[in-house]
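Subject: Handover of a structure and notes on it

Dear colleague,

I am passing on the structure below, together with my notes on what was found in it. Please read the notes with the coordinates open beside them.

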Amino acid sequence: MKISSVTCPHCHAAYEIAESTSALGSPGQADCGVCGTLLVAWEEPSLRAFRLVVPPEHKYPRVPTPSCFA
Ligand SMILES: [Zn+2]
């Protein structure tokens, strides 16, 4: 098992890629599960699993809305 990582160029969500070194897969591609942007495409017959590790909202926390407008 080979582990690498990729960050979505559009929304900056971070993914961990687990690539099997024993099982054969097929060429393919992976899209960002958050915004749908193409993350990576590969030509080799490899088996890859993608896991979201850092949702984009964790990298860009929303500014809290003030609760008092008086
Ligand atoms: Zn994205």
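Does Pro56 count as buried or exposed, and at what relative accessibility? Before turning to that, please bear in mind that this is a predicted model. Pro56 counts as buried, at 12% relative accessibility, and its place is in helix α1, which covers residues 56-59. Leaving aside residues up to four places away in sequence, Pro56 touches Cys11, Ala13 and Val34. The C-alpha atoms of Pro56 and Thr7 are separated by 9.8 Å, although the two residues are 49 residues apart along the chain.

As for the overall layout, the protein has one helix and five strands, and from the N terminus on its elements run β-β-β-β-β-α. Of the 70 residues in the protein, 24% are buried. Among the contacts in the protein with a separation of 6 or more, 41% are accounted for by residues 24 or more positions apart.

The zinc site

The zinc ion has four protein donors, namely Cys8 (SG), Cys11 (SG), Cys32 (SG) and Cys35 (SG), which lie 2.3 Å from it. Along the chain these donors follow the spacing C-x2-C-x20-C-x2-C. Cys11 lies in the loop between β1 (2-7) and β2 (14-24), while Cys35 lies in the loop between β3 (28-31) and β4 (38-42), so the pair ties together parts that are 24 residues apart in sequence. The angles among the four donor atoms are 104 to 115 degrees, and the site of the zinc ion is tetrahedral. For reference, the ideal angle at a metal with four tetrahedral donors is 109.5 degrees. With regard to accessibility, Cys11 is buried, with a relative accessible area of 14%, whereas Cys35 counts as partly exposed at 33%.

The loop between β1 and β2 also holds His12, whose phi is near 70 degrees, a positive value in a residue other than glycine. This deserves a look in the model, given that most residues other than glycine have a negative phi. His12 is partly exposed, with a relative accessible area of 31%.

The strands

An open sheet of three strands has the order β1-β2-β5, with antiparallel pairing. In this sheet β1 and β5 (46-54) stand at the edges, each with a single partner strand, so one side of each is left without a neighbour in the sheet. From one strand to the next, the twist averages 25 degrees. The pairing of β2 and β5 runs in the antiparallel sense over eight bridges, and Ile17 stands opposite Phe50 in β5.

Within strand β2 there is also Glu19, which is buried, with a relative accessible area of 16%. Not counting residues up to four places away in sequence, Glu19 touches Met1, Lys2, Ser46, Leu47 and Arg48.

The strands β3 and β4 pair in the antiparallel sense over four bridges, and here Gln29 stands opposite Ala41 in β4. The hairpin of β3 and β4 has six residues between the strands, and in it Gly36 takes a positive phi near 85 degrees.

The aromatic pair

How many aromatic pairs does a search of the whole structure find? The search finds one, and it is formed by Trp42 and Phe50, whose rings are stacked, at 6.0 Å centre to centre and with 20 degrees between the planes. The two partners fall into separate accessibility classes: Trp42 is buried, with a relative accessible area of 9%, whereas Phe50 counts as partly exposed at 26% relative accessibility.

Methods
Residues numbered from 1 in each chain as written. Predicted model: local features only at pLDDT ≥ 70, side-chain atom pairs only at ≥ 80, totals over all residues. Heavy atoms only, no water. Donors = N, O, S within 2.8 Å, 3.2 Å for Na, K, Ca; no water. Tetrahedral: all angles 85-135°; square planar, octahedral: opposite > 155°, others 65-115°. Helix = DSSP H or I, 4+ residues; strand = E, 2+ residues; numbered from the N terminus. Buried < 20%, exposed > 50% of the residue type's maximum accessible area, 1.4 Å probe, protein only. Pairing = 2+ DSSP bridges. Axes fitted to C-alpha atoms, helices over the stretch in contact; angles between N-to-C directions. Phe/Tyr/Trp six-rings, centres within 6.5 Å; stacked < 30°, edge-to-face > 60°. Contact = heavy atoms within 4.5 Å.
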